[in-house]
Amino acid sequence: MGSEDGKRHRLVLSLNQQQIELVDRTIANGFAESREALFRLALKEYDERRGAKADA
Amino acid sequence: MPDTAAVKKAQSRNERRLLDTRILEPGTGKAFELRKGEVLRIEQAVGNQCVDFNCFNLHDYKEFMHCGRTRTVHGFNPTEGDFLWSAPPRENAMLYILKDTVRRNDVLFPRCSAFLYESAYGFDVHTNCHDIQAEAQREYGLTPDDVHDSFNFFMCTEVARDGRATITRQNSNKGDHVDLVAMMDVLAIPNVCGADIMRTSNFALKPVRISIFEASENDLAAVPNVASMKSQRTPDQFRNAQIKATRELVADPDYVPEFVNTPIEEEQIVLELDEAEWAIFEEHARRDIYGDDHGAAFRDILFSWWEDRFLNAASGAPSTSGKTHD
Ligand SMILES: [Zn+2]
């Protein structure tokens, strides 16, 4: 994930217990190894999907 | 030489037994008991007539057809291949539209009412769908307050660019019909829409024919399977299953609220992005909505992605298959 000495940007996500349940259930279904990995996957796939077309 | 046995067998699979057929005269409606597996046909006897429709669970009138859910799942003009759903917390498929020869029905407009004809046209008394429904439902002990939002068969409507729904003239002919298969025992109440001074039924009231059939084997085979969900609740799961019998609303002194998953509590989760990821994030972050709240912007991306990836129905519409992911 990026270079060792590159600048890191820190985000703080506020998720409630239901949102976390959905995140963790998606992980349990095998789509990512961890919450962090799922967040990165979401960003990557969101970009791939939206990159080609205008954002709604 | 045709195999007569095979031909007969094919015919029998297609055979519907007629149980009842009658004409609904203009200004009237009628409640019909429809058992699971029976077919209700609403047919143009002349043509160009809108038919308003209510539907209740025959064994529990508190479960009734819900235009809101129906239009969320199937759009503004439900037709062949769509279901008529009951209201939450039941959310059962009540009827299935097996055949629709015109394919123009409406779930945007409410039933017309006496108020409309008085306020807009000056009538003291005028045929109107609310009162016709109420009078037909009275046969089963229901009150005028029990009439619910109507499914409007053969009614042509559109949504204009300014967001308003508009009614247009229709073009249905004698013999055009909708066939509804009962997915449960229901009380089905069609009525001839009373609007003769609107374009709904092209400015005239005409009779319609109602027929009830025992479905053929092929009819039943054509109905898609609907998944059942835990959330489709029944009164035995209600904290208060008693139907209120008084009109006055009075607070229960012993009431203790029990809302699910409360209190809603947020947890802070830290995520670090490198330069490349940050650039992608910046490109998609909705600053117009979230400003400098990067966490909120990322949360939007996260759940928007989830919708794209795993939902098979649009805009939070309940999935008819009940399957959101595997
Ligand atoms: Zn009407």
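Donors are N, O and S atoms within 2.8 Å of the metal (3.2 Å for Na, K and Ca); water is not among the atoms, so sites may look incomplete. In this predicted model, the zinc ion has the protein donors C112(B), C129(B) and C193(B). Along the chain, the donors follow the spacing C-x16-C-x63-C. C129(B) and C193(B) link distant parts of the chain, 64 residues apart. C129(B) sits in helix α4 (residues 129–137), whereas C193(B) lies in the loop between β13 (186–192) and β14 (208–214). Helices (H or I, at least four residues) and strands (E, at least two) are DSSP runs, numbered from the N terminus. Both C129(B) and C193(B) are buried, meaning under 20% relative accessible area (1.4 Å probe, protein chains only).

Chain B holds 8 helices and 15 strands. Of its 326 residues, 42% count as buried. Its C-alpha trace spans about 70 × 65 × 45 Å along the principal axes. Contacts (heavy atoms within 4.5 Å) were counted between residues at least 6 apart in sequence; 75% join residues at least 24 apart.

Residues are numbered from 1 along each chain as its sequence is written, while chains are lettered from A and ligands numbered from 1 in the order in which they are written. Local features need pLDDT of at least 70, side-chain atom pairs count only at pLDDT 80 or more, totals for chains, interfaces and linings use all residues, and side-chain values use heavy atoms, with hydrogens and water left out.

Methods:
Buried < 20%, exposed > 50% of the residue type's maximum accessible area, 1.4 Å probe, protein only.
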